[in-house]
Amino acid sequence: MTVDQTEEPTSTTEAPEETTPSEPSSPPRWRRFVLPAAAAAVFAAGIFWWWSAATDEQLSQAELRDEVLIAATGHIETMNTLDYREVDEGLDAWKDVTTGTLHDQLAQVDEDERQLLADQKKISTGKVVDSAVFSLDGDTATVVASVEVTVRDDADPDAEPTLKRNRFSADVVKVGDEWLLENLQQVAVSLS
Amino acid sequence: MTSVRTRLSALRPYLVSALLVALTVVGLVGAWRGYELRSTPAAQNLAVVDTTATAEVQSEVSQALTRVLSYSYDDPEPTEQAADEVLSGQAREEYDTLFASLQERAPGQQLVLTAQVQTAAVKELTADTARLLVFLDQSSQRADDDEASVSAAQLAVEAERVDGAWKVTGLTPL
């Protein structure tokens, strides 16, 4: 707008005839006003649109929700996976994806318990069939998952692997820039 | 000084044009960036982040499932009526087949089914479509059973909003 105002006096003095102001020598008034106004409007609207999207709480929450779901889904699969030939590696993987009490419990699994897991000769593989974020509140979230666990029994090599479908609910918490499982439990049947 | 000033005033139209072009370009870039931020798949999905809409679809779908999956051999009417109200599309067709065979067996067995939703989590949500993961418990009691047998179901549910109300259009046991 300032541009337009400063141009005003110059053009009137330059106008050759007082009776028909500005028409032959300079563009009509509306053009001198409309172009800067349009540019300013495009600028303001564009910047506002960008700013409102960049600071939109719901948009950042949506990103977070998808991030939580991906992390938790992978972690729940990890927690349902164990190979008796690699118990130490399996337990390390469990420790890597957990935090808090759950993590401490896993860290306390002693040599006898490890041996027990190895002796069972089971290979479990967890696969999340479907999962969804139930709630999200800042740095904590609850994720539910339908998990298919395939168990192969190496003590009985002829046996078909068994399939189990389990319902899980996981509490996830953000530690640093990682989402970790704080709690993982089966959703038991409870009819009231 | 005067010559500089005249030269500046000669340049002014160009400077003004350049400024206008710059303002327009920055504005357009801003609009584009804003559009990009809002059009990601994550941004289009209102599940969880729109708490009111999420709670609404959770509760309506839970109620719908509880009603159509509860059944009593001596009073099948409410179940049938619920199916008319809350089921639609493919879910309706599949349910009708199931219900027909249920109607045949139920009176002889004196079958009573009781359903209860444990958890309904919304995975995807737009203004009029939703996908949910539902954990549902169902007990079935027959005349010769000593006690009811209970099953833990996991359902992938699709829902659509029709005339302001959510209807279940897809029901897949996982």
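**Exercise 1. Determine which residue takes a positive phi in the hairpin of E4(A) and E5(A).**

Solution. In this predicted model, the hairpin of E4(A) and E5(A) has two residues between its strands. Gly176(A) takes the positive phi there, near 65°. Strands (E, at least two residues) and helices (H or I, at least four) are DSSP runs numbered from the N terminus. Next, locate the two strands: E4 covers residues 162-175 of chain A, and E5 covers residues 178-186. They run antiparallel and are joined by eight bridges; two strands count as paired if DSSP finds at least two bridges between them. Finally, Val175(A) stands opposite Glu178(A) of E5(A).

Residues are numbered from 1 along each chain as its sequence is written, while chains are lettered from A and ligands numbered from 1 in the order in which they are written.

**Exercise 2. State the strand order of the open sheet in chain A and identify its edge strands.**

Solution. The open sheet has five strands in the order E1-E2-E3-E4-E5, with antiparallel pairing. Its edge strands are E1 (82-83) and E5 of chain A, each of which pairs on one side only.

**Exercise 3. Decide whether Asn166(A) is buried or exposed, and list what it touches.**

Solution. Asn166(A) belongs to strand E4 of chain A. Its relative accessible area is 11%, so Asn166(A) is buried (buried is under 20%, exposed over 50%, partly exposed in between; 1.4 Å probe, protein chains only). Leaving aside residues up to four places away in sequence, Asn166(A) touches Ala145(A), Ser146(A), Val147(A), Val149(A), Gln186(A) and, from chain B, Gln154(B). Contact means heavy atoms within 4.5 Å.

**Exercise 4. Find which helix supplies the largest share of the nonpolar patch.**

Solution. The members of this surface patch are Ile47(A), Trp50(A), Val21(B), Val25(B), Val26(B) and Val29(B). Helix H2 (29-54) of chain A and helix H1 (2-38) of chain B each supply at least two residues. The largest share, four residues, comes from H1(B). One of the members, Val26(B), lies in H1 of chain B and is partly exposed because its relative accessibility is 36%.

How values were computed
This is a predicted model: local features need pLDDT of at least 70, side-chain atom pairs count only at pLDDT 80 or more; totals for chains, interfaces and linings use all residues. Side-chain values use heavy atoms; hydrogens and water are left out. Patches are made of residues with over 30% relative accessible area and no salt bridge: like charges are joined within 9 Å, nonpolar side chains (Val, Leu, Ile, Met, Phe, Trp, Tyr) within 5 Å. Accessible areas come from the Shrake-Rupley method with a 1.4 Å probe; for residues, only the protein chains shown count as cover. A salt bridge is a side-chain nitrogen of Lys or Arg within 4 Å of a carboxyl oxygen of Asp or Glu.
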